[in-house]
Structures are given as C-alpha cells and as structure tokens.
Amino acid sequence: MSTARQKEGLDDWGPLPFETPLVHLLDDYARADLNEVGVHILRSAIVHSLRMRLRAQEWFRRHPEIGEEEITAPIVVVGMMRSGTTLAQRLLAADRRFHCAYGWEVVEVAPKPGCSFTGEDPRIAVSMAREAKSRELAPELFAIHPMYALEPEEEIVFLSDAFLSHVPESGAQVPAYRSWIDEQDFTPAYDYLHRMLQFLQWQKRRRGMPPRRWVLKSPAHLGYLDALRKRFPDLHIVHMHRAPRDTIASGASLNATLHAMHSDAVDRQLVGAQWLERMGWTNDRAMATRDSWADELERVTDIEFADAVADPIGQISRVYDAVGLEFTADAETAMRHWLTERPREGVRPDYALDTYGLSADQVDERFAVYNARFRSDSQIPRRS
C-alpha cells in the first residue's frame with residue numbers, strides 16, 4: 001500500500017473495504033513456494049490493483065457525478081471455462097447497442113488523473129504493447145488464455161482488485177486463503193465491480209458514447225450468482241454448458257501454466273484435484289442459487305456449447321428474444337463480421353485429464369447432478 005501511494009502520489013482508498021482480504025492473501029502468499037519471478041509478478045499485480053483503486057477514487061473525488069451513472073439490466077454470460085462464454089460475450093458485444101469492457105480498459109481501468117478523453121486513449125498503445133510482450137514471453141499462457149487489447153474482455157480483474165476472487169489459487173498454492181474466501185460474503189467485490197462499471201461508463205460518455213446496456217462475462221460469476229443479482233437485480237444470465245469432462249482438463253492446464261510461472265515446483269495432480277473440487281463447488285452453488293429464483297425461466301437463457309458452435313447467430317438471437325430486444329439486421333451483420341475477422345487463437349498445448357491425475361469417470365461422477373440437469377448429448381445421457 002505504501003508503494004502504491006508513493007507511485008501515485010495519492011492516499012485515499014475510497015469507501016469500499018479491501019484490507020482484510022488483502023491481509024489474508026498476503027499471509028498465504030508469504031507461505032507459498034514462490035520463486036523470485038513469481039514474487040515479482042504477484043507483488044507487481046497487487047501494487048497495480050492498489051494503484052488503480054487510488055486513481056479511480058481520485059476521479060470519483062474530482063467528478064462525483066460518476067457515482068450517479070446507472071448500470072441498467074446487464075446481460076451476464078457465465079459458464080465453466082471453455083464452455084463458449086467468450087464466443088457468446090463477443091458476439092453480443094459486436095452489437096453497438098451494448099457496452100462492454102475492452103482488454104485495454106480492464107488492464108488499466110483508471111487513466112492518470114487529468115486525462116482529456118480526446119483522441120486515441122494512450123492506454124490502448126500500452127495494452128497492445130503488453131499483449132505483444134505476453135505473446136513473446138509467455139506464449140503457452142497466451143495460447144491457453146489470450147487477452148487481446150482491442151477485444152471485449154471479462155471483468156474478473158475487478159473482483160481480483162477487491163482481493164475477493166479465485167484468481168490467486170489459479171496461480172499459487174494458497175490453501176488458507178482458498179478456504180477463507182469460501183466462507184466470505186462477496187458483496188464488497190461486486191460493489192467494486194459495479195463502481196468500476198460506473199467509472200467505465202462515465203469514461204465512455206466522455207468519449208461521446210451514450211449509456212448502453214452492458215454485456216458482462218466471467219466464469220467466476222458462476223459461483224456467486226446470488227451476489228451478482230443482489231448488485232444487479234435486473235440482470236439477465238446467459239448460462240453456457242459443455243460436458244465437464246471436456247472442460248476440466250483445460251482449466252487445470254491453465255492453472256498449471258500459471259503455477260509454473262510463479263514456482264519451480266508444480267504438482268499437476270494437486271492442481272487437477274483442486275480444479276475439479278473448485279468447479280464442482282462452483283456448479284453446486286450455481287444450481288442451488290438458480291433453484292431459489294422463482295423467475296428462473298425468465299431470468300436465464302441456457303445455451304449448449306455444441307449448439308453455439310454450430311449456429312452461433314441463431315443461439316445468440318435467443319438471448320434477444322428472452323430480454324425483449326429486437327435482433328436487428330445491423331446486429332446480425334456486426335456479429336457475422338466479427339466471426340469472420342475475429343482473432344484466430346494459436347494451437348493450444350496438448351492437455352488430457354490423466355495429465356492432472358483425473359479420469360473421465362471421476363469427472364462424470366462429480367458432475368452427475370449437473371449432467372443430469374443440463375446435459376443432453378450422447379456422451380452423457382440426460383436423466384430425469
């Protein structure tokens with residue numbers, strides 16, 4: 001915190017709490033088996049989060065009208081990693097009637113105080129340089145989880161900036177913090193997310209863009225649908241589905257890659273077991289929350305991954321029907337243009353369940369309830 005204050009010349013952290021989760025996280029990082037590079041990366045990330053908090057609060061101080069921005073009826077895409085959440089979000093975001101958070105906005109949500117918001121934002125060039133460096137220095141990570149400066153991006157960063165998220169456990173062994181957050185109320189994290197969306201919407205307004213409905217997306221929201229709806233009561237959920245046996249190894253491979261960036265010793269079987277446990281926990285919570293919603297059928301659009309791949313436009317048009325918004329010819333044209341021109345991801349590293357000490361039967365057993373409720377493919381028969 002002292003380093004962040006010195007770098008920014010600011011000392012007002014704003015109204016939302018964050019110190020307690022930060023202390024728990026740092027205590028566990030101190031016990032983790034991190035190498036020098038890992039210490040540098042993780043410490044730098046925390047300092048950056050604190051700097052963004054300081055800068056954002058300074059903007060709110062200078063322009064209290066930011067706090068009056070209304071975030072109305074967002075569409076939020078959720079689902080396990082590799083279930084098509086990115087496809088759904090970016091198709092929706094192609095429609096210029098929606099707002100989204102772009103990669104360059106997520107990386108540096110708060111510009112330096114005094115930014116004029118005229119011409120091209122200098123953060124774009126910084127983010128594009130960061131993207132190029134990531135491709136060069138961490139090609140395996142970029143292949144698994146690319147982050148493009150000019151594409152819509154997920155807002156998990158804002159939950160991480162509140163120090164209430166599952167991001168730390170994806171890159172280090174932090175068992176105490178991992179257990180602690182399972183018992184925490186994530187309201188402060190979603191309050192911070194809402195605050196940053198207000199800030200981004202105000203910035204977009206300054207660039208000549210009127211307020212629009214937001215398209216949000218993060219697999220992280222899946223376990224916190226209750227907190228999400230509490231903060232955004234008029235939201236609509238797009239829940240993407242794919243066979244867990246096809247997604248779990250992918251998530252484990254991303255986590256193992258992140259662990260390897262921060263530590264010289266990576267237990268892939270432990271990483272696999274932890275990811276299976278986390279995703280099972282997440283899906284159990286999501287199903288329980290959905291069961292508690294009397295208006296679930298109107299509140300959620302379920303989309304199968306295979307259907308989204310086979311007919312992306314047709315599946316996304318169902319969301320428009322659900323929220324009562326016209327699916328215009330302009331929207332369809334924009335989506336088809338994105339499908340043609342979108343960034344093409346490189347070849348992902350090979351991964352398999354057994355690399356992480358898991359089997360298809362083990363995954364099927366853990367997700368038996370989920371599969372019975374949502375799966376309809378031939379691989380795992382749907383059960384009544």
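What is the relative accessible area of R82?

Reply: R82 has a relative accessible area of 28% and is therefore partly exposed; buried means under 20%, exposed over 50%, and partly exposed in between, with a 1.4 Å probe and protein chains only. The model is a predicted one, in which local features need pLDDT of at least 70 and side-chain atom pairs count only at pLDDT 80 or more, while totals for chains, interfaces and linings use all residues. Residues are numbered from 1 along each chain as its sequence is written, and side-chain values use heavy atoms, with hydrogens and water left out.

R82 is found in the loop between β1 and α4 (85-93). Helices (H or I, at least four residues) and strands (E, at least two) are DSSP runs numbered from the N terminus. Although R82 is not a glycine, its phi is positive, at about 70°. A73 is likewise a non-glycine residue with a positive phi, of about 45°. The loop that holds A73 runs between α3 (36-62) and β1 (75-78). With a relative accessible area of 13%, A73 is buried.

Another loop, between α1 (2-8) and α2 (19-31), contains G14. G14 is partly exposed, at 27% relative accessible area. Its C-alpha atom is separated by 9.0 Å from that of R61, 47 residues apart along the chain.

On the side of α17, the contact (heavy atoms within 4.5 Å) is made by P312, I313, I316 and Y320, and on the side of α18 by A331, E332, M335, R336 and L339. By class, this contact has 7 nonpolar, no polar and 2 charged residues, where Ala, Val, Leu, Ile, Met, Phe, Trp, Tyr, Cys and Pro count as nonpolar, Asp, Glu, Lys and Arg as charged, and the others, Gly among them, as polar.

As for confidence, the chain averages a pLDDT of 93, and 96% of the residues score at least 70; pLDDT is the predictor's confidence in each residue, from 0 to 100. Over residues 378-384, pLDDT stays under 50.
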